[in-house]
Amino acid sequence: MNPQITLTEHLKEYTRHVWQTNSEQTFTENIKLFTLQSRSMTYALAVLEDGYVAHVYYGKKIVACDLTYLLRLDENPWTPKVNRRDKATFMDTLPLEYPCHGTGDYREPCLMITDKNGMSTCDIRCKSHKIYSGKPRLEGLPATYAAEPQATTLELLCEDQHAGLEVVLIYTVFADLDVITRSVRVTNIGAEDVNLRRVLSVCVDFDSDKFDLITLNGSWARERVVERSKLHHGKQGVDSVKGESSHQSNPFFALVSHNADEDTGEAYGFNLVYSGNFFAQAEVTQHKKTRAVMGINHFDFNWLLEPGESFTAPEVVMVYSANGIGEMSRTFHDLYRAHLIRGQKKHRPVLINNWEATYFNFDTDKLLEIAKQAASAGIEMLVMDDGWFGHRDSDNSSLGDWFVYEKKLRGGLKFLVDEVNKLGLKFGIWFEPEMVSPDSELFKKHPDWAIQIENREMTLSREQYVLDFSRQEVREYIYGMMRKVLDSANIEYIKWDMNRQFTEVGSLALPANRQRELWHRYVLGVYELMERLTADYPQILLENCSGGGARFDPGMLYYSPQIWASDDTDAIERLKIQHGTSLCYPVSAIGAHVSDCPNHTVGRTTPFKTRGHVALVGTFGYELDITRIPEADKAAIPAQIADYKKYSPLIRDGDQYRLGNVFADNLWDSWVFVAKDKSEALFTFVQVLGRPNYRSRRIKLKGLNPDYNYKNTKTGEVYSGSALMNAGFNVTLHGDFTSEVFHFLRTYEQNDLQA
Ligand code: GLA
């Protein structure tokens, strides 16, 4: 048995008083304790004699020992001792791993059904378990992956005999990371249909309510802004009911101790590997404990499970940190870079995208003009954005008609791509495969392919409808068109966009009793197509996008190593967006471009240099008309690109430490990337607003080796790591929106130590 999961040796009989159904009867139980151990974390759960799977402990590492005393099964904390303990009050307080609805646990349940008799109660009991090396795939769903020695999996097989359901709780613990992933598979083992009304992926019953809840919320152009609030009695959380993970909330939350900051305190992060409707909630109960749950949103959800069928709930990634929010983030980054993002190692060319340069107003000549100047500035790829297909001159037509708009692309796509390639640039292209415009050949031919309710008016959003991606023939048709385009020229990058939320959610292909499955079937359909696309075109770099960052989630990261973070390219707004995004997503995944000023979204003008420094904290690129920007800006591009190339391995593979918090103090922001071996660091400082009569600021760096000396590669000055971290580094202030980047390399020179 792999040491990461131990089935505690002492499966001896614990004579514990579980509950009394009458004054004579006392149950004796045999408790099985499972302890999941990682580098510095322990997670323990127990199977009680009657099969309930109880939560025992989640937190800082504990040596393998009997933790079952934590369950306090024999206590009666809510009534005087003379009262008999009854099952309902017991169920409502027992910490559970996967609570069901209907048997007296009135907290948020994970599983709820309607059975053949219209009943909603279910009650699962553990029958057996298995432990094995490695990690299973989740049928049809993206998930983290691991080679055999890197992870160990525990499966608990539970059953509700009355409902005819088998429920397998799947836990994987990663050996070198403080990570547990969880998922659930429900199978109908009975003879009758069962309707699944909710199948959440995770529940953790914490023994305390002393937490702050951190979530990432926002809107279009201001996605993933960090919000932090003290937990209070009752339910609080975030969700999406829009069909996508959404601009408004991200499928992430963290519970952190009240004192937690970047470096201290406990942090428990939860992130759902899913791109549709989600539900994430923390509930403070009557005894001031906290139940955390997460999964597919049960709102407007129902799944008919016929005998023999299975339903798999998407994976939740749980990260534990005893050393603050910063360490939690770095663990997420390490996990996602090594165990989720499949194209992580792919070269990320410096691209120029024509969206903010031209919007719909471009043609072959214009694109080649941009490409020419981009090539001479050292840019590596031209991405042709929206407007190249059908007869699309604005956003009110042609989605679904994935063939070239010859009026714009004189000579066709191949001609353009070849010309761009001749200039030494790669070529990328924009698609929005999931959408259809009413003004399109596709919609005229197949009006029934859009998501809709018969005879009900369809709501337009951005002049478009959503295609019913639950239907195989729809996906097939769209993919056929995409393939033709991809096979017609040397295309090396795709920006896969998705620009509207769902309304009138109905499928003309599903029977009435399966209509509420459409939300999830749609997401599965999108995943299936992305799987095919990435398998058929492994050389293509896929970037996801959804009206900016409405689908910035781990589900999408499984298919595309980078995601456009936001349509807001203003450097100052990006400080907030990229800070929030970095809470659980690595910088290598964050699409960030230098754009023109005044910024198209907020109208702000910032120095070109600052725009470059902020875009460096992401997949660097340009989003501007290089033929029209000021000469000084154009002249600065080669050096910016050289910096990106020089620092990108450090930024992509290093550890990120957030030094400032633009939310807390909007005068400045700062961060540092440190190489894993501590030999190198890149420190950035952005002055958001100036202060009268303030000439410099001292910033303490983090993550260095205190015993190493570091040389500022620009000035040659040498500092000790301990001085840079404990005393700080002086940054001269230059004015609003200015920024500076400092590169430190380990040195063995001692003599000219500055500190
Ligand atoms: C979305 C994207 C933009 C751009 C437009 C094109 O808004 O986020 O980057 O591609 O669509 O319509």
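Contact here means heavy atoms within 4.5 Å, and helices (H or I, at least four residues) and strands (E, at least two) are DSSP runs, numbered from the N terminus. This is a predicted model, in which local features need pLDDT of at least 70 and side-chain atom pairs count only at pLDDT 80 or more, while totals for chains, interfaces and linings use all residues. Residues are numbered from 1 along each chain as its sequence is written, and side-chain values use heavy atoms, with hydrogens and water left out.

**View 1. Helices H4 and H5 meet side by side.**
Here Thr364, Leu367, Leu368 and Ala371 of H4 meet Phe415, Leu416, Glu419 and Val420 of H5. By class, this contact of H4 with H5 has 6 nonpolar, 1 polar and 1 charged residues; Ala, Val, Leu, Ile, Met, Phe, Trp, Tyr, Cys and Pro count as nonpolar, Asp, Glu, Lys and Arg as charged, and the others, Gly among them, as polar. The two helices pack at an angle of about 15°, and their axes are 10 Å apart. Axes are lines fitted to C-alpha atoms, for helices over the stretch in contact, and angles run from 0 to 180 degrees between N-to-C directions. H4 and H5 are therefore roughly parallel to each other (angles under 35 degrees count as roughly parallel, over 145 as roughly antiparallel, 65 to 115 as roughly perpendicular and the rest as oblique). H4 passes H5 in a right-handed crossing; a crossing is right-handed if the near helix is turned clockwise from the far one by less than a right angle, and left-handed if anticlockwise.

**View 2**
Look for S21 (residues 381–384) and S22 (residues 426–431), which run parallel and are joined by 4 bridges; two strands pair if DSSP finds at least two bridges between them. Met381 stands opposite Lys426 in S22.

**View 3. Two tryptophan rings form a tilted pair.**
The structure holds 42 aromatic pairs, and one of them is shown here. The ring centres of Trp402 and Trp430 are 6.3 Å apart and the planes stand at 55°, so the pair is tilted. Rings of Phe, Tyr and Trp (its six-membered ring) pair if their centres lie within 6.5 Å; planes under 30 degrees apart count as stacked, over 60 as edge-to-face and the rest as tilted. Trp402 lies in the loop between S21 and helix H5 (412–422) and Trp430 in strand S22, so the pair ties together parts that are 28 residues apart in sequence.

H7 (residues 472–488) and H8 (residues 518–536) pack at an angle of about 30°, with axes 11 Å apart. They are therefore roughly parallel to each other, and H7 passes H8 in a right-handed crossing. Among the H7 residues that meet H8 are Arg475, Glu476 and Arg483, and the H8 side includes Glu528, Arg532 and Asp536. The residues of the contact of H7 with H8 divide into 5 nonpolar, 2 polar and 6 charged.

S32 (residues 680–687) and S37 (residues 738–747) pair in the antiparallel sense over 8 bridges, and Val686 stands opposite Ser739 in S37.

**View 4. Two backbone details sit in loops.**
Most residues other than glycine have a negative phi, and most peptide bonds are trans. A cis peptide bond joins Cys597 and Pro598, with omega about -5°, and Pro598 is in the loop between S28 and H11. Ser246 has a positive phi near 95° and is placed in the loop between S13 (234–239) and S14 (249–257).
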